[in-house]
Amino acid sequence: MKALLYKQFRLVCHPMTLIFAFFGAMLLIPSYPYTLAFFYLMLGLFFTFLNGREQKDIYYSALLPIRKRDTVKASVLFVLVMELASLFIAVPFAVLSCRINPLGGNAVGLEPNAALFAAALVLYAIFNGIFLPSFYQTAYKVGVSFLKAIIPVSLAVIVCEASVHFPGMAWLEDCTAAGQLRLLPLLLTAAVLYGGGLWLTYRKAAQNYEKVDL
């Protein structure tokens with residue numbers, strides 16, 4: 001699996017995917033829909049799967065002495081690494097943003113706090129749960145799979161950003177240390193949903209791919 005993951009990064013990963021992983025720096029932009037910083041990583045993953053298709057990676061992997069589900073596992077692990085990397089890279093920018101503007105005041109939506117990272121995990125879970133199983137139904141329809149996934153993700157982005165404007169939801173905007181502790185259960189719940197969702201996504205994608213006649 002280590003060799004397969006190495007192949008993903010060296011032969012399949014599109015350069016823009018790595019660049020988009022650093023878009024957490026967008027959390028320094030005042031009054032901006034910060035969930036879009038993670039939206040770009042999904043676009044980068046689309047580029048990577050598209051690049052893999054054009055480079056005939058699926059057919060190359062089929063020639064290797066590995067199970068078909070191992071190919072899926074390598075892709076899922078690649079997605080996991082990139083998504084977690086984007087979150088960890090965004091953390092220092094979120095901290096710096098809160099220090100620059102401790103009172104918050106993002107007129108658009110979520111502040112760069114724990115609630116934003118919880119939203120990012122949920123958005124990633126939605127994207128993975130739709131995109132990966134859909135792609136591995138055929139192992140070549142990247143665009144269709146991305147379109148299926150990005151529509152509900154876009155709707156979820158709107159809901160997440162708008163949530164802070166509803167009565168009684170102002171606590172989601174808290175950037176103080178005490179506020180982060182209050183938001184911690186939300187973040188942990190999102191992390192569990194993300195981890196469990198990715199495991200189920202892998203199983204479904206692997207089942208779909210095993211039915212594909214290459």
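**Helix α6 and its packing partners**

Helices α3 and α6 run roughly parallel to each other (angles under 35 degrees count as roughly parallel, over 145 as roughly antiparallel, 65 to 115 as roughly perpendicular and the rest as oblique). Their axes come within 10 Å and cross at roughly 20°, with α3 spanning residues 36–54. Axes here are lines fitted to C-alpha atoms, for helices over the stretch in contact, with angles from 0 to 180 degrees between N-to-C directions; helices are DSSP runs of H or I with at least four residues, and strands runs of E with at least two, numbered from the N terminus. This is a predicted model, where local features need pLDDT of at least 70 and side-chain atom pairs count only at 80 or more, while totals for chains, interfaces and linings use all residues. Residues are numbered from 1 along each chain as its sequence is written, and side-chain values use heavy atoms, leaving out hydrogens and water.

On the α3 side, Phe38, Leu41, Met42, Leu45 and Phe49 make the contact (heavy atoms within 4.5 Å), and their α6 counterparts include Leu116, Phe117, Ala120 and Leu123. By class, this contact has 14 nonpolar, no polar and no charged residues (Ala, Val, Leu, Ile, Met, Phe, Trp, Tyr, Cys and Pro are nonpolar; Asp, Glu, Lys and Arg charged; the others, Gly among them, polar).

Next up is α7 (residues 142–163), whose axis comes within 8 Å of that of α6 (residues 114–135) and crosses at roughly 160°. That makes α6 and α7 roughly antiparallel, and α6 passes α7 in a right-handed crossing. The contact of α6 with α7 counts 15 nonpolar, 2 polar and 1 charged residues.

With α8 (residues 177–210), the α6 axis comes within 8 Å and crosses at roughly 10°, so α6 and α8 are roughly parallel. Among the residues that meet are Ala118, Leu121 and Tyr124 in α6, and Leu183, Leu187 and Tyr194 in α8. Sorted by class, this contact holds 18 nonpolar, 5 polar and 1 charged.

As for rings, the structure has 17 aromatic pairs (ring centres of Phe, Tyr or Trp, its six-membered ring, within 6.5 Å; planes under 30 degrees apart are stacked, over 60 edge-to-face, the rest tilted). One cluster linked by ring pairs includes Phe49, Phe127, Phe131, Phe135, Phe146 and Tyr209. Lysine 68 lies over the face of tyrosine 209, at 4.8 Å from the ring centre (the criterion being NZ of Lys or CZ of Arg within 6 Å of the centre and within 35 degrees of the ring normal).

Note on methods: A crossing is left-handed if the near helix is turned anticlockwise from the far one by less than a right angle, and right-handed if clockwise.
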